[in-house]
Amino acid sequence: MLLEKYNSQGLLWITTLVGKTTTPGLSAFRGDLIIIEGALHEGSTNVHDRKTPELVINQAAVLADSDKILFINGLFYKLEHLPIFVEKYKDALSADTVALLYVENITIPMQIVYADITFKLLPYKEGMVWNETLEALYIEKADLKGQTAEDKVITMYNEAKGFKIKTAPISLEDGLSQTIEVKKDLSGGPV
């Protein structure tokens with residue numbers, strides 16, 4: 001299975017779940033999907049003994065079969081990270097991949113067609129991506145009741161297939177021209 005291969009290659013990080021669904025041939029992952037690995041610790045040759053990844057899709061939810069990513073959801077901090085993701089995972093992506101992602105440095109929903117994949121992108125302000133996606137797809141907690149954690153990703157995938165963004169698809173270059181600089185509020189605790 002594809003996700004098990006990624007796990008053995010050390011590409012799944014801060015894993016909430018990785019396992020088979022009740023649908024034969026499908027597996028699901030929730031956690032951070034590594035795009036650029038951290039360096040190996042000094043003297044190590046084990047792919048799991050690395051420093052913090054340089055780039056990830058945060059709070060990702062992935063559904064995959066034996067060789068293709070069927071669904072990808074998560075958070076990019078910057079739209080310019082999209083091509084790096086596509087380059088890393090191009091063998092597992094296809095025009096049928098359902099990609100519903102949050103991006104911190106966009107202000108409006110957009111569809112970007114890149115490498116024959118339509119990426120449906122939503123602006124991200126705060127919150128848990130999983131919960132934000134459930135809300136965007138109108139999935140109620142009752143809809144998930146009784147499902148395994150892995151099967152909940154299938155439910156999200158099935159709803160995401162019909163998710164529409166009302167704007168016409170644009171190129172990555174057009175999308176990049178509409179990005180903003182994100183300013184984060186620094187909140188400090190007690191001094």
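How many of the ten residues of strand 3 (residues 55–64) are buried? Nine are, so strand 3 is largely enclosed by the rest of the structure; buried means under 20% relative accessible area, exposed over 50% and partly exposed in between, with a 1.4 Å probe and protein chains only. The model is predicted: local features need pLDDT of at least 70, side-chain atom pairs count only at pLDDT 80 or more, and totals for chains, interfaces and linings use all residues. Residues are numbered from 1 along each chain as its sequence is written, and side-chain values use heavy atoms, with hydrogens and water left out. Helices (H or I, at least four residues) and strands (E, at least two) are DSSP runs numbered from the N terminus.

**Strand 3 and its partners**

- Strand 2 (residues 27–36) and strand 3 run antiparallel and are joined by eight bridges; two strands pair if DSSP finds at least two bridges between them.
- Within strand 3, Ile57 is the bridge partner of Leu33.
- Strand 3 also pairs with strand 4 in the antiparallel sense, over five bridges, and the two form a hairpin with four residues between them.
- Val62 has Ile72 of strand 4 as its bridge partner.
- Val62 and Lys152 are 90 residues apart in sequence and 11 Å apart in space, C-alpha to C-alpha.
- Lys152 belongs to helix 5 (residues 149–160) and counts as partly exposed, at 26% relative accessibility.

- Six of the six residues of strand 5 (residues 98–103) are buried.
- Val98, Leu100 and Tyr102 point one way from strand 5, while Ala99, Leu101 and Val103 point the other way.
- Strand 4 (residues 69–76) pairs with strand 5 in the parallel sense over six bridges, and Gly74 has Leu101 as its bridge partner in strand 5.
- Strand 7 (residues 117–123) pairs with strand 5 in the parallel sense over five bridges, and Leu122 in strand 7 is the bridge partner of Tyr102.

**Helix 2 and the crossover**

- Strand 4, helix 2 (residues 82–89) and strand 5 make a right-handed β-α-β unit; right-handed means that, with the strands pointing away from the viewer, the path from the first strand over the helix to the second runs clockwise.
- The buried residues of helix 2 are Leu82, Phe85, Val86 and Tyr89.
- Seen down the axis of helix 2, these buried residues fall within an arc of 95°, so they line one face of the helix; the arc is that of the directions from the helix axis to the C-beta atoms.

**Largest pocket**

- The largest pocket has a volume of about 200 Å³. A pocket is an open set of points on a 1 Å grid over the protein atoms alone, where a 1.4 Å probe fits, with protein on both sides within 12 Å along at least five of seven lines.
- Ten residues line the largest pocket, and Glu104, Lys125, Val182, Lys183 and Lys184 lie nearest its centre; lining residues have an atom within 4 Å of a point.
- The lining divides into four nonpolar, one polar and five charged residues, where Ala, Val, Leu, Ile, Met, Phe, Trp, Tyr, Cys and Pro count as nonpolar, Asp, Glu, Lys and Arg as charged, and the others, Gly among them, as polar.

**Positive phi in loops**

- Asp116, in the loop between strand 6 (110–114) and strand 7, has a positive phi near 65° and counts as exposed at 64% relative accessibility.
- Tyr138, in the loop between helix 3 (129–136) and helix 4 (141–144), has a positive phi of about 60° and is exposed, with a relative accessible area of 72%.

Conventions: Points joined across faces, edges and corners; volume = space filled by probe spheres on them.
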